[in-house]
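Here's a quick briefing to read alongside the model. Keep the viewer open as you go.

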Protein chains: 2
Amino acid sequence: MIYLDSAATSFHKPEAVADAVYNAIRHMGNSGRGGHTASLSAARVIYGTRKKIANLFGVSDPAQVVFTANSTQSLNMTIQGLFHAGDHVITTAMEHNSVLRPLYRKEQQEGVSLSILPCDACGTVRYDLLEEYLQPNTKGIVCTHASNVTGNMVDIVRIGAFCKKHNLYFVVDASQTAGVFSIDMEQMGIDVLCFTGHKSLMGPQGTGGLCLQKEITLPCFCVGGSGVQSYRKIHPEEMPTHLEAGTLNGHGIAGLSAALDWITETGMDNIRAQEQKHMRMFYEAVRQIPQIKIYGDFSQSERAPIVTLNIGDNPAEEVCDALAERYDIATRGGAHCAPLMHQHFQTETQGAVRFSFSYFNTEEEIQTAIQAVREIAEEWT
Amino acid sequence: MIYLDSAATSFHKPEAVADAVYNAIRHMGNSGRGGHTASLSAARVIYGTRKKIANLFGVSDPAQVVFTANSTQSLNMTIQGLFHAGDHVITTAMEHNSVLRPLYRKEQQEGVSLSILPCDACGTVRYDLLEEYLQPNTKGIVCTHASNVTGNMVDIVRIGAFCKKHNLYFVVDASQTAGVFSIDMEQMGIDVLCFTGHKSLMGPQGTGGLCLQKEITLPCFCVGGSGVQSYRKIHPEEMPTHLEAGTLNGHGIAGLSAALDWITETGMDNIRAQEQKHMRMFYEAVRQIPQIKIYGDFSQSERAPIVTLNIGDNPAEEVCDALAERYDIATRGGAHCAPLMHQHFQTETQGAVRFSFSYFNTEEEIQTAIQAVREIAEEWT
């Protein structure tokens, strides 16, 4: 199989990841639930991984790193906790449902008002409208670092500065960029960064988390067993326990740790360069094919390694089926959980075919994919 | 290491579990996020595991099985969704903080009133007080199937019948019993069963879930990406997607699936018999040792495989340290996240030493543990 769906989840992972999880399952106890070797080694792995994540995102204290099951949970916890009745929140039309739906729910159920920054013709957010959208009760901006549909990157530094100037919370969804694009929360003015472990971080499913600046406090999301302070009726206030309840996915975190080591050893710049190369090779070739329509801003010098397109009027899901069945190429068709992007491009009915590239793809695979698109386009248009 | 802390997490797991997770990491895509082989195989594994869980707990439709990260999350979702201002809820002094803290929070923040059934001298809930605790606005009972401190089992059938008679929700925390003790939700009148994957189910950390009777609806907990119905502003209403958002821990669920197969092949009765045997052997020996105080009802014909004790006045954590450092025996001291049990036994300061047994322990290990307790008791009392 030629796997070109890394934006959904990483398929080829560094070998050390599966090894690390295997070994953890064989040797790890329950972190913070005992003073014996198995429990202590679990605690060490988990603490060590917090440190690696803290380093990766430019926060000083590992206690600012909270583990969750996935990015969606991180975003729910953050949006749930930061915004309240009477607040106004700005988000964008580039967002994934994991940002949109928690915000819609806040709007519907709790009297939070919501503004959605539209995009330009290429699908990049209209920064020029930020001032216009600002209101006296605007509390924060929640946005993605890169669109999972177009790959367009958001100028985080620009929005971070805007938030700083107007004293707004800045929440960033780094699902498509963590581990590939450099993110420094301090420098970029990010208050809460939500990330997932199983996409560009190359870790296992069931891992993810959030990083919070020290001055940000969120109310508990889940409460329960904390390993310490068992006699208090309320869940501990100390971070990160405050935002974690019950047994952590220590096995998964061990795998995430191995993935982070691999990223450090391989070098984020090298990983990114390789992925950009695959994306550009694919883009430059398919854009020449008649009847191909590509969605996104390819004038950006760096983008998430995604090329989303349509072949004539053909429903995207049919193209994806053909790619899978005839060429054994994995892609993703449909709406990609990003309804406003498809409304923007008027692809709600047709959907779109997303190709997303990994460090582990080969040039040969890219060429095969290009040829496949060419052949399908010839037959179907 | 002699691992006698299975109540915290399973340490020796069936070999197939680590293998299954390893293979899943190497081959699995993101379930419900694509029509290609990797995504479809992920969907198949996940659906198959839902079926196994449904069978295990006696529910007819796999869609009634919801996956979460752990039991604590399941209990939070359930308690959050079922009970509202003006409701009265009954729970017990046997509970873990994963039941107590969500209920205390409801009490504090939302005007739910809470009654806690006390225990008798042996630490078993006072069933005789149920009628007295019942109020006109009682909405449900939330309780454990077995105490993680004493191992005492709760008569689920009896409480289920009481709930049925008075039209109350019945929520059971099966963290210590799933996969070892037979649980039939229909027969026992259980409305929501919360379970964790990494304890008696022998699966990996980061897995767990809840089973709901068809007529029970909970509001969404997290909302976000759902793979389907992307254009709706609200998260899907169909189960189980309604209660799952974002990428599932497919890798962990693959491991849980292998664990469930092992339980079926080995036979739940065989597993339980072996664990009861270890527990009885240990209990019968240590009860003879002077200055040993044991907490729990050993007249129950079947109990969770736990023996919790103290040696004279010695702080439990010091005994656990000695067991770990001198004998390489893993146990758990302290409060076990079950404050009311320790308040009941007046062990808040001393804590207690919990030994919990697994199918994979050997007779030799039990004998070594008995001897270790004997030696420490001789030296320290």
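What follows covers the domains, the chain interface and a couple of side-chain pairs.

This is a predicted model, so to speak of local features pLDDT must be at least 70, and side-chain atom pairs count only at pLDDT 80 or more, while totals for chains, interfaces and linings use all residues. Residues are numbered from 1 along each chain as its sequence is written, chains are lettered from A and ligands numbered from 1 in the order in which they are written, and side-chain values use heavy atoms, with hydrogens and water left out.

**Domains of chain A**

- Chain A splits into domain 1 (15–266) and domain 2 (267–380), with bounds from an automatic or database domain assignment.
- The contact (heavy atoms within 4.5 Å) takes in 35 residues of domain 1 and 29 residues of domain 2.
- Their C-alpha centres sit 28 Å apart.
- Together the two domains bury about 2600 Å², 63% of it on carbon and sulfur atoms; buried area is the accessible area (1.4 Å probe) that two parts lose on being put together, summed over both.
- Between the domains there are 15 residue pairs in polar contact, both residues at pLDDT 80 or more. A polar contact is a pair of N or O atoms within 3.5 Å; within protein, one must be able to donate a hydrogen and the other to accept it, and residues adjacent in sequence count only if both atoms are side-chain atoms.
- On the domain 1 side, helices H4 (97–110) and H8 (250–266) of chain A each supply at least two residues, and H8(A) gives the most, with 5 residues. Helices (H or I, at least four residues) and strands (E, at least two) are DSSP runs, numbered from the N terminus.

**Chain A against chain B**

- About 6000 Å² is buried between the chains, 56% of it from carbon and sulfur atoms.
- In chain A, Arg101(A), Gln205(A) and Tyr231(A) lose the most area to chain B, together 14% of what that side buries.
- The polar contact rule finds 28 residue pairs here, both at pLDDT 80 or more.
- H1(A) brings the largest share of chain A's side, 9 residues.

**Side-chain pairs**

- Arg272(A) forms a salt bridge (Lys or Arg side-chain nitrogen within 4 Å of an Asp or Glu carboxyl oxygen) with Glu302(A), closest N and O atoms 2.9 Å apart.
- Arg272(A) is in helix H9 (residues 268–286), and Glu302(A) is in the loop between strands E9 (292–295) and E10 (306–311) of chain A, 30 residues apart.
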